[in-house]
Structures are given as C-alpha cells and as structure tokens.
Amino acid sequence: MVKQHSQTAIPTVGVTTVIFPSEETALDAIAELQEFIALRPNAREVRKALAVKLVYQGYLYEEIQTILDVSLGLITGWKQAYEQYGIDGLRLDHKGKKSYLSSEQREQVLSWLQTKDFWELGELEYKLAFEYDVIYESKQSYYDLFNAAGISWKKTTKVNPKGNPNAVAEKKKELETVLADNREEIEAGKLRVLLIDECHLMWGDLSGYVWGRSDQEIAVPVVNEREKQTYYGAVDYLEGELILKAYEAGNSKNTIDYLRYLLAESKEQRLLIFWDGASYHRSKEIQDFLSEVNQDLPTEEWKIHCVRFAPNCPTQNPIEDIWLQAKTWVRRFCALIPTFLHLKWMEEWFIRHTTFDFATLQMYGVFSKIK
C-alpha cells in the first residue's frame with residue numbers, strides 16, 4: 001500500500017517551494033526507508049532510499065549531494081517518486097520520469113542556455129525536471145548539454161567592478177609617452193624604470209596540487225595558515241630582474257625605507273617608478289620624503305619620479321605575474337616544505353635567481369637593454 005504523506009508547504013526565495021513533512025510523517029517515512037535499506041542488496045536502490053531518508057532527516061539537498069555524490073535533480077526525483085508511489089517508486093523496475101529529451105525539447109534547452117553567461121548545474125537540473133519531466137541518472141548527460149551549448153567548466157577570473165577601462169586605456173597611453181620621451185636616457189642606463197608592488201605571502205598559499213595515491217589524502221602541515229610575510233618588489237623594466245626586500249607590513253615607513261634601498265641599489269641612476277595608488281604611496285610622509293630627495297631640482301632631474309597607475313586595475317602592473325609565478329613555483333613543493341620559514345626561503349630564492357621575460361613585462365614599450 002502506498003502511504004499518503006502529510007506535508008506542510010513553506011515558500012522560499014527563488015523559483016520553487018520546499019515541502020516539509022510533518023514530524024510524525026517524517027518519522028514513519030524514516031523507519032520505512034531504513035527497513036527498505038536494511039533489506040535491499042541492490043546498491044542503486046539503497047542510494048535512492050538513503051537520499052530520501054536524509055531529506056526526511058532534515059539534511060539540505062546540497063549536503064546530500066556531497067555525501068552521496070548525486071545530482072540535485074536526482075534527489076528531487078527520488079523524493080517525488082517516493083511521495084507518489086511509496087517504496088515502489090524507489091525500485092529499479094519502477095517506471096518513473098523519462099530520461100531523455102525529444103529533439104525539439106533539446107533545441108529549446110540549448111537556446112535557453114544561451115540566455116546567460118554562466119550557470120549552476122542545479123539550474124539545468126531544475127529546468128529539465130520541472131518543465132520537461134526529465135531526470136538523468138548520470139551527471140554526464142547534463143554536462144553533454146552544456147557542451148552542446150558551448151558552455152564549459154572554467155575557472156573564474158577576478159575583476160574589480162570599480163575599474164574604469166577608459167581610465168586604464170588613457171593611463172597606458174600616458175605611460176607609453178613617458179617612456180618614449182625618456183627612451184634615450186633609459187637605454188643609456190641613466191634613468192632606471194621600476195614597477196613596484198607589495199606581495200603578502202601567507203602560509204596558506206602553500207596549498208597546491210601534487211601527484212599522489214588516489215585513495216589517500218595528501219596532508220601538508222600548516223600550523224597557522226594566516227602567518228604572513230610582506231615583500232616589497234620592484235621589477236626593472238629593462239633588465240627583467242626583481243629587487244626584493246622583506247618587511248613586516250606595507251606602510252609609509254617601510255615604503256620610504258624601500259625607496260632608500262632602491263636608490264642605494266641604483267648607483268648614479270635616477271628612478272622612474274610606476275606603482276598603484278595605495279594609501280601609503282600617497283601619504284604625507286611619502287610626499288615629504290620625495291621633496292627631501294628631489295629638493296628644488298627641475299622635474300627632469302628628480303632622483304625619484306613616481307607615476308601612479310589608474311585605480312582598481314592591478315593588471316596594469318606586470319609584477320603581478322611575477323608574484324604569481326613565484327607562488328606557483330613554491331606550490332610544486334608543497335608536500336616537502338615543513339615550516340613557514342622554509343616557504344619564505346623558497347619564495348625568495350626563486351625571485352632572486354630568476355630573470356623574468358614574458359610578454360607583459362614590456363607592455364608599455366620595447367627597449368634595448370644596457371650594453
């Protein structure tokens with residue numbers, strides 16, 4: 001006999017309604033499902049019953065999806081089959097919802113998938129289950145639809161919505177002009193162009209990918225993943241070398257110390273610095289320091305001339321690629337680095353022993369190196 005399950009409908013924000021059974025009905029259902037699980041030798045039937053049992057026990061669909069590695073659509077379909085047909089609805093020979101789309105329906109779904117730039121799998125599952133009464137047993141069937149619609153699984157990229165593309169384009173022209181106007185002195189070694197940025201290396205950055213046994217977790221010892229080391233770096237636009245110095249934090253005091261360090265490392269050269277608009281790059285302390293260094297010299301003779309990038313767009317600075325290269329390199333050895341001290345040593349070793357040469361490094365113009 002099929003049991004009739006008393007339920008209470010609670011509307012939720014979104015496109016569907018979650019149905020919660022009464023406590024008494026839930027307990028009856030859990031007992032019935034547990035008995036079925038205990039008696040059934042078939043693993044597929046057990047998984048269906050277990051998924052429905054977890055629903056009645058109050059687990060979220062997303063939690064059940066993770067526990068049993070099944071799609072949200074399947075969980076929904078199994079629960080509905082049980083509510084409509086009882087235990088018989090979970091048997092393999094039960095004729096439930098169809099598992100295919102007609103040619104016309106498939107074209108409708110593919111057209112629908114063109115209406116947005118990105119999707120969650122659950123959205124497609126819901127669309128098929130509730131508009132076409134179709135539930136696939138395998139996730140691959142949903143993936144095939146995504147693929148047919150030209151939609152692939154990809155990593156997202158970060159973009160600052162405050163960024164202004166027009167301002168970035170204008171700033172790029174300005175930097176290209178500054179370099180072109182000073183080409184002769186740059187190539188003669190009299191004016192050194194440095195792109196400056198700060199990097200915050202954290203112990204948690206060590207987590208990466210390694211080859212290991214598929215049935216074993218690879219544990220990397222990290223005592224305090226937020227333990228941090230700040231680095232100031234300046235990549236030489238002409239030579240591709242990065243001048244590195246470690247500090248406890250990024251602030252005006254350390255920025256001034258680093259600028260003094262760059263002057264000492266640059267012999268008789270004047271410095272043309274490109275950097276972002278961090279508050280400690282614009283502080284009164286920095287302005288006073290620059291006034292002290294440049295004294296009353298005309299602009300073209302300043303010891304340090306600073307030019308800021310357009311705001312909210314870190315990709316303007318090629319040094320970002322260097323920080324990424326360094327972190328990617330140390331992650332290759334993530335299972336072999338025992339302490340944060342070792343991690344810092346590896347990061348610094350890579351940067352100090354690498355000459356960087358990639359397309360964006362001279363994104364504001366190509367120059368001949370000092371001979």
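User: Which residue forms a salt bridge with Glu 123, and how far apart are the closest N and O atoms?

Analyst: The general idea is to look for a side-chain nitrogen of Lys or Arg within 4 Å of a carboxyl oxygen of Asp or Glu. In this predicted model, Glu 123 pairs with Lys 116, and their closest N and O atoms are 2.9 Å apart. Glu 123 is partly exposed at 29% relative accessibility, and Lys 116 is partly exposed too, at 36%.

User: How many salt bridges does the count come to?

Analyst: The count comes to 14 salt bridges. Among them is Asp 88 with Arg 91, at 3.0 Å between the closest N and O atoms. Another is Asp 69 with Lys 139, at 3.3 Å. That pair links distant parts of the chain, 70 residues apart: Asp 69 sits in the loop between helix H3 and helix H4, while Lys 139 belongs to helix H7.

User: Is Asp 69 buried or exposed?

Analyst: Exposed means over 50% relative accessible area. Asp 69 has 55%, so it counts as exposed. Asn 294, in helix H11, is buried at 5%. Leaving aside neighbours within four places in sequence, Asn 294 touches Trp 302, Lys 303 and Ile 304.

User: At what angle do H1 and H2 pack?

Analyst: An angle over 145 degrees counts as roughly antiparallel. H1 and H2 pack at about 160 degrees, with axes 9 Å apart, and are therefore roughly antiparallel to each other. Residues of H1 including Ile 30 and Leu 33 meet residues of H2 including Val 46 and Leu 50. By class, this contact has 11 nonpolar, 1 polar and 2 charged residues.

Technical notes. Residues numbered from 1 in each chain as written. Predicted model: local features only at pLDDT ≥ 70, side-chain atom pairs only at ≥ 80, totals over all residues. Heavy atoms only, no water. Axes fitted to C-alpha atoms, helices over the stretch in contact; angles between N-to-C directions. Helix = DSSP H or I, 4+ residues; strand = E, 2+ residues; numbered from the N terminus. Parallel < 35°, antiparallel > 145°, perpendicular 65-115°, else oblique. Contact = heavy atoms within 4.5 Å. Nonpolar A, V, L, I, M, F, W, Y, C, P; charged D, E, K, R; others polar. Buried < 20%, exposed > 50% of the residue type's maximum accessible area, 1.4 Å probe, protein only.
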